Amino acid sequence: MSASTVHPNAALFKGEKPFPVIPSCEHFAGNEVRIAKALELQVKLGPIFDVTCDCEDGAPAGQEKQHAEMIVRMQNSPGNRFEQAGVRIHDYTHSAWKQDIDILVSGAGNALAYITIPKSTSASQAGEMIEYAQKVAGRHGIKREIPIHILVETHGALHDAFELAALPWVQVLDFGLMDFVSAHHGAIPASAMRSPGQFEHALLRRAKSELVAAALTHGVVPAHNVSLDLKNTYAIYSDAYRARSEFGFLRMWSIYPAQILPIVDAMKPDYSDVEDAANILLAAQQADWGPIQYAGELHDRATYRFYWEVLQKAKVTGVAIPEPATKAFFN
């Protein structure tokens, strides 16, 4: 292979942990019917969002085992075409969390897109749960690292955010707004559970900023909480846009099918940036990844890294990429 055909991953990130390139929306589904519908929608729209199969809030009390087994069936079904379905397990204080991991990892460990851990109160607690998942994976001959998502929704988790982001297998830090507000015993008003309060209350601005900083410091994706507005697409788009543009979140939760496309649209890179990224990277590849001039500006490896991530984000959000760049970088 000549130097001029070296792929950006090899040229720009040799020896480094790559930043996760994953869909900018994850949609929660709690029962078999909703999971099936979400997977059908994923096939219809394309792999522009993940589906989170929910054990924590989805499993009826006393039926945790049957619920986890149902999720294994859905994970291994033909409906899970893209293998972009993860699962949220029960929290550390719930008696079923180890059972969840036993069933899900042994039954669908090679299909699970991720495991989400809720309500952690410390890094040590989350670390114990991850270690257990690793042991179960090892016992069942699963060689891959199963990505771990950690919900930051308690005072302890926010305090340990940098440690949480540094734990093995962690791919995402999620912000859990409702539980976090509730944990403040009325110091944060109910109005801050929705917009504009969720973006303007000082304690929430601090919490969101610290989570994003912790995640990005350790090469982890920061994910924003849900929007309570289920059907107003403009309001949902606005929430996602503010989360991305003001705080740096790169992913957001959906709890209703009508929320998915507004979130994806708000998180997409601008097409003009995608065009620039394609042109700059193609020229850089021809220059053996040395400095180039583009539109009267100097570009080198620092900007190449930025624009390569723009192209990758365009790929997972369904933005059209110029054909020469598609052939050079994604075939």
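Predicted model: local features only at pLDDT ≥ 70, side-chain atom pairs only at ≥ 80, totals over all residues.
Local features are taken at pLDDT of at least 70 and side-chain atom pairs at pLDDT 80 or more, while totals for chains, interfaces and linings use all residues. Residues are numbered from 1 along each chain as its sequence is written, and side-chain values use heavy atoms, with hydrogens and water left out.

The largest pocket holds about 640 Å³ of space. A pocket here is an open set of points on a 1 Å grid over the protein atoms alone, where a 1.4 Å probe fits and protein lies on both sides within 12 Å along at least five of seven lines; lining residues have an atom within 4 Å of a point. Grid points are joined across faces, edges and corners, and the volume is the space filled by probe spheres set on them. Lining this pocket are 29 residues, with Phe-28, Asp-54, Arg-88, Val-226 and Ile-255 nearest its centre. Strand E1 (25-29) and helices H2 (32-45), H8 (177-182) and H12 (257-267) each give two or more residues to the lining; helices (H or I, at least four residues) and strands (E, at least two) are DSSP runs numbered from the N terminus. H2 is the top contributor, with four residues. Sorted by class, the lining comes out as 15 nonpolar, five polar and nine charged residues, where Ala, Val, Leu, Ile, Met, Phe, Trp, Tyr, Cys and Pro count as nonpolar, Asp, Glu, Lys and Arg as charged, and the others, Gly among them, as polar.

The second largest pocket has about 390 Å³ of space. Its lining takes in 13 residues, and Arg-244, Leu-250, Glu-309, Val-310 and Lys-313 sit closest to the centre. Helix H14 (residues 301-317) supplies the largest share, four residues.

Turning to charged pairs, a search of the whole structure picks up 17 salt bridges, each a side-chain nitrogen of Lys or Arg within 4 Å of a carboxyl oxygen of Asp or Glu. Lys-119 pairs with Glu-56, with the closest N and O atoms 2.8 Å apart. Lys-119 sits in the loop between strand E4 (115-117) and helix H5 (123-139), and Glu-56 in the loop between strand E2 (50-54) and H3, so this bridge ties together parts 63 residues apart in sequence. Lys-119 is partly exposed at 28% relative accessibility, whereas Glu-56 is buried at 11%; buried means under 20% relative accessible area, exposed over 50%, and partly exposed in between (1.4 Å probe, protein chains only). Both residues also belong to a salt-bridge network that links Asp-54, Glu-56, Asp-57, Arg-88, Lys-119 and Asp-179. Two members of that network, Asp-54 and Arg-88, turn up again among the residues nearest the centre of the largest pocket.

Glu-32 and Arg-73 form one, their closest N and O atoms being 4.0 Å apart. With Glu-32 in helix H2 and Arg-73 in helix H3 (residues 64-75), the pair ties together parts that are 41 residues apart in sequence. Glu-32 is partly exposed, at 38% relative accessible area. Within H3, Glu-69 and Lys-65 lie four residues apart, about one turn of the helix, and their closest N and O atoms are 2.6 Å apart in a salt bridge. Glu-69 is partly exposed at 30%, and Lys-65 is partly exposed at 41%.
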